[in-house]
Amino acid sequence: MTTYIIRRLIGAVIMLLIVSMVTFAIFFLVPRLAGATPESLASRYAGRTATAETQKLIADRLGFNDPLVVQYGRFVKGLVAGSEFDTGASIEQCPAPCFGYSYITQQPVWPDLVDRSRVTLSLAVGAAAIWVFAGVAAGVVSALRRGSFFDRAAMGIALAGVSLPVFFTGMISLVFFSYSLGLTAPGGTYVDFTVNPAQWAYSLILPWITLAFLFAAGYARLTRAGMLETMNEDYVRTARAKGLPERTVVVKHGLRGALTPIVTIFGLDFGLLLGGAVLTESTFSLNGLGKYAIDAITNNDLPKVMGVTLLAAVFVVVANLIVDLLYAVVDPRVRLS
Amino acid sequence: MALTAIGTVIALGLTACGGGGGTPAGTGGGTAAAGAKDAFNASLTSVWNPSTKKGGTVKMANPGTWDSLDPGDTYYGYSFNFIRLYGRALLMFKSAPGKDGNTLVPDLAESLGQASDDNKTWTYKLRTGVKYEDGTPVTSKDVAYAVSRAFDKEVLPHGPSYLNELLNWPKDYKGAFKEPDRDISSAIETPDDQTIVFHLKQPFGSFDYIVQMPMTMPVPKDKDTGTKYQEHVMSTGPYMFDTNEIGKSFSLKRNPNWDPATDPNRPALPDRYEVALNVNADDIDNRLISGDLQVEVSGVGMGQAALTRVLNDPALKERTDNPQLQRLWYVSIPPEVKPFDNIECRKAVQFAVDRTSVQRAWGGPLAGGDIATGMIPPSMDGYKQIALYDTPEGKGDVTKAKAALQACGQPNGFETNISYRAERPKEKAYAEALQQSLAKVGIKLTLKPFPQGDYFSLYAGKPAYVQENNIGLAVNGWGSDYPETYGFMQAIVDSRTIRDAGNYNLSVKIPEVDQLIDQIKGEADAAKRTELWSQVDQRVMEEAVTMPGVYARSLLMRGKGLTNVFVSDSQQMYDYVGLGVQ
C-alpha cells in the first residue's frame, strides 16, 4: 500500500510538471510563435499611455527578453524556493510556493489562490453533499421503483438538470428566490465560515442548490443504471434468499456494487470543481477560484491564469489519487499491489 | 437653467432655500428627504431627492475592478469621480448637476491657477489646514512629489501622462522612484509649503483641466510604498479606507482629520461607503432594481437583460436617467489602405451607411446613443452638426455613394476588411450593420474580430499590420478624459501621436489639423478655442478619414434610499461626492 501511494505521488508530481510546462508554453511560447514580441507582451502591463521605451523597460524587468527555458526555470524555482520581483520602485518578496506575481494588481498570486480557495471549497463541499445525497437517493429509489411515477418524475427532473446551464438556473433562481421572495441572499454577499457560520450557509444555499441541481442529475441517472444492473445480479438474489432484510440487500449489496463508477466520477467532478466553478461563481458573484480565473483572463493577467491552472491541476490529480485509494474501500476486488 | 442653479446650490450646500435645501456643507444635523417622486431623467439637470441628512451607508458594486486606487495610477472615469471621496487634487469639478458640473473649482488650492502671460507658468496656492488622515499637514512638496512619482510609467503605468508631456522635466528624468534627489525645478517649484509652480515646455491654456486629475492629489513621501500604495492611500478627503481587499471589496469610513472648513465642495453626507468588486453585471442590475444595492459604480449603465425589463416597466423606467456621454463610437478609415487612399472611396462609405441601423446596433437611442455627424460630442465646446454626408432620414444614399465610387474608379465596389474587438458584441453588431449597408453599393466587408487586449497594440492600432492585412475600416471608440475638447480630441486627431503600435488615432493625418491644434494649445481665449475646434472637426470630416457612429448614452438607475442624486456633465454618471442616504 505504501509503495503504491509513493508511486502514485511521484506520478502526480511528474504529471504536475508536465501540466506546468504545457501551461507555460501556452501562455509564453504560443504568443511568440504568433508574432508577439517581448514589448507587446509587456504592453499588457504597461497601461494605455505607455511609450515604446516604457514597454521595453517593463519587458526587461519582467524578463520577457530571456530565453523561454530561463523564464520557465525561474517559475519552477519560485514554486519551490520562492522568488523576488522588481516592481520598479521596490523589490517584492514572493515566498514559496510562489505561483507568480501579478504586475496588474501588484500582488503575489499564491495568497490570492489560498483566499479564493476557501470560497470555492465552501461552494464545492456544500454542493457536493447535496448532489451526492440527492442524486444517489433519487437514483436508488428510481431503480427500486422502476417505471413508477417517482421514477419518471425524478428522471425527467434529472434530464432538465443536466440540460439547463448554471447561468440560466442561477439567474432564474436569484431573481425568484432572492429578488422577488427575499428568501435567499442576493449574489455577491458571501460571508466566510469563520466570520459567521449561519450567514455563510445563508449566503451559499442558493449556489449550492443550483450547482447540485446540475450534478445531481447525472448521479441520479448513473446510480439508477448501476442499481438496475446490480440488483439483477446473482449475489443479490442469494442475499435475498439468505433472508437478509431488504434494506441490507439494497444498501450493502446493491448500492455498494453500483457505487464504484460513482466514486470515480465524483473524484473527477469534485477535483475539477475545486479548480473553480466558473459559471456558478460568476453568476452568484462569488470570489472563488473560477471567478478569479475569469477576471484574470479578461485582464490578460497571465501569472494569475497560470496559478489557477496549476492549482486546478493539483486538485484533479489529488482527487484522483484519493479516488484510487477509495476503490479499495468500496470494492474489495481491487488490489493495490 | 433655474433648476440647474437651484440644484447646484443644494448640492454644494451653500445656502438654505427650503424644500430640502442645505445647511452649509460639513456641518452637523440637516434635514431628511421627505421622499422624491421618481421620474425619467429626474437627475440630469437637477438634484433628485435633495437632503442634508448625514449618516448611513452607500452600497456600491463594480462589474470589474479599479485599475488602481492609487491617485497616481488610475485612469478610469468612475475612478476620477470616486477618488474625490478620499483625495483632494489642486482643483476639482464642481459637484453639481448638468452643465454646472463642468465648472472647475479650487479644491486643495485656494483658487484656480494663476498663469503667466505666455501660459507657460502656472502657480497654485494651497489652502491652509488641510491634513492627511494621520493628522500630518499637507504641503506643496507633497503635491510635487505626487506628480513626480506619477511620472514613472514603468512603476505606475495606468495614469494619464499629460503632465509627463506638458512639464519641462529635466533631460532623461526617470521619476521620483528612480531619481528621488534629482532637481526638478525646471518643471515644478515649491517656494514655500503653500505654493506650487508648474513650468511648461510650451504654452497650454487649459492647464487647470489637467491639475484637477488625481495625480495632483498629495502623497506623503515617507508613506509612499510604490506599487503597494494603493493598499493604503493616505486620505486627504472626507473619507479614508476602512478595509481594502484588492480585487474583492473595500470600504471607506469618515476621516477624522478632514476639516469641512477647508472644503466647501463636499457635503460628506454618508458615514460609510461599501464597494464590492468583480460582481456579475446582470446581478448588479437586479440588485439595483430590488433595492439591495444603490450604485453601479463604474457608471456604464444597465446591461441588455435589465434594459428590456426596465424599458417595458414604466415604474422602473421612472427610476432611470439617460445621460449623454462624452464618448463617441466611430469607424476609422486609414487612408493608406487601398482603395481608401482615394478620398472618393472614403466618401462612398460615408454616403452608403444607414446610420439608423448603426444606432440600432449600439442599442437604440436610449441605451446606444444619438446618431453622430462629427467627432466632437454635443456637450463639448466646438460641437456642431456637420451636414457633409447627410442622407434622407439617415438611411444612406445609394445614388450618391455610387457616384462617389464611380469617381474613385471602383464603379462596381470593392472588397475590404473591418476590424472590431471580439469580446464586444455591440462592436460586432456595428460591424455587421456596416457590412449590410455597404453591400448595397457593392462594397464587400469581411469581419475581422481581434482580442481587445491586443486590439491597439498588435492589430488595428498598428499601422504596419493594418496596411499588410487590408484593414480598410476599424471600429473605434473614444471617451473624454475631462470635459474640455482638447482632452477628447488631441489623442484621436493629432497625427503626431501616431507611433509604430498602440495608436488610438488610426487614420487622421491632416497637417492642417495639427497646425490648428498647435494654435489651440497657445490660445487663452476659450471662445476662440471653441471656434478652432469646430474647424478641426470640419476638416476631419471633409477628409472622410473617420465615420462617426453614435454619441454614446447610458441608462443609469437611481438606487433605492439615496438622496442628492444627480448626473454631473463632467462625470457623465452620478456624482459620488454629492450622494447621501435617506
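What share of the contacts in chain A with a separation of 6 or more comes from residues 24 or more positions apart? I found 64%, a contact being heavy atoms within 4.5 Å.

I note that this is a predicted model, in which local features need pLDDT of at least 70 and side-chain atom pairs count only at pLDDT 80 or more, whereas totals for chains, interfaces and linings use all residues. Residues are numbered from 1 along each chain as its sequence is written, chains are lettered from A and ligands numbered from 1 in the order in which they are written, and side-chain values use heavy atoms, with hydrogens and water left out.

**Chain A**

The C-alpha trace of chain A spans about 85 × 55 × 40 Å along its principal axes. Of its 337 residues, 50% count as buried (under 20% relative accessible area; exposed is over 50%, partly exposed in between; 1.4 Å probe, protein chains only).

**Helix 17 of chain B**

I then turned to helix 17 of chain B, residues 511-521, where Val513(B), Asp514(B), Leu516(B), Ile517(B), Ile520(B) and Lys521(B) are buried. These residues lie on the same side of the helix, because they cover an arc of only 160 degrees around the axis, taken from the directions from the helix axis to the C-beta atoms. On the other side I found Pro511(B) and Gln515(B) exposed. The cover over the buried residues includes helix 16 (485-493) and helix 18 (526-543) of chain B.

**Aromatic rings**

I counted 49 aromatic pairs over all chains. Rings of Phe, Tyr and Trp (its six-membered ring) pair if their centres lie within 6.5 Å; planes under 30 degrees apart are stacked, over 60 edge-to-face, and the rest tilted. Phe450(B) and Tyr459(B) are a stacked pair, because their ring centres are 4.3 Å apart and their planes are at 10 degrees. Phe450(B) counts as buried, at 9% relative accessibility. I also recorded one aromatic cluster whose members include Trp66(B), Tyr239(B), Phe241(B) and Phe250(B).

**Thr243(B)**

Which residues does Thr243(B) touch, not counting residues up to four places away in sequence? I found Phe250(B) and Ser251(B). Thr243(B) lies in strand 8 of chain B, residues 239-245, and is partly exposed at 38% relative accessibility. Its C-alpha atom is separated by 44 Å from that of Ser116(B), 127 residues apart along the chain.

Methods:
Helix = DSSP H or I, 4+ residues; strand = E, 2+ residues; numbered from the N terminus.
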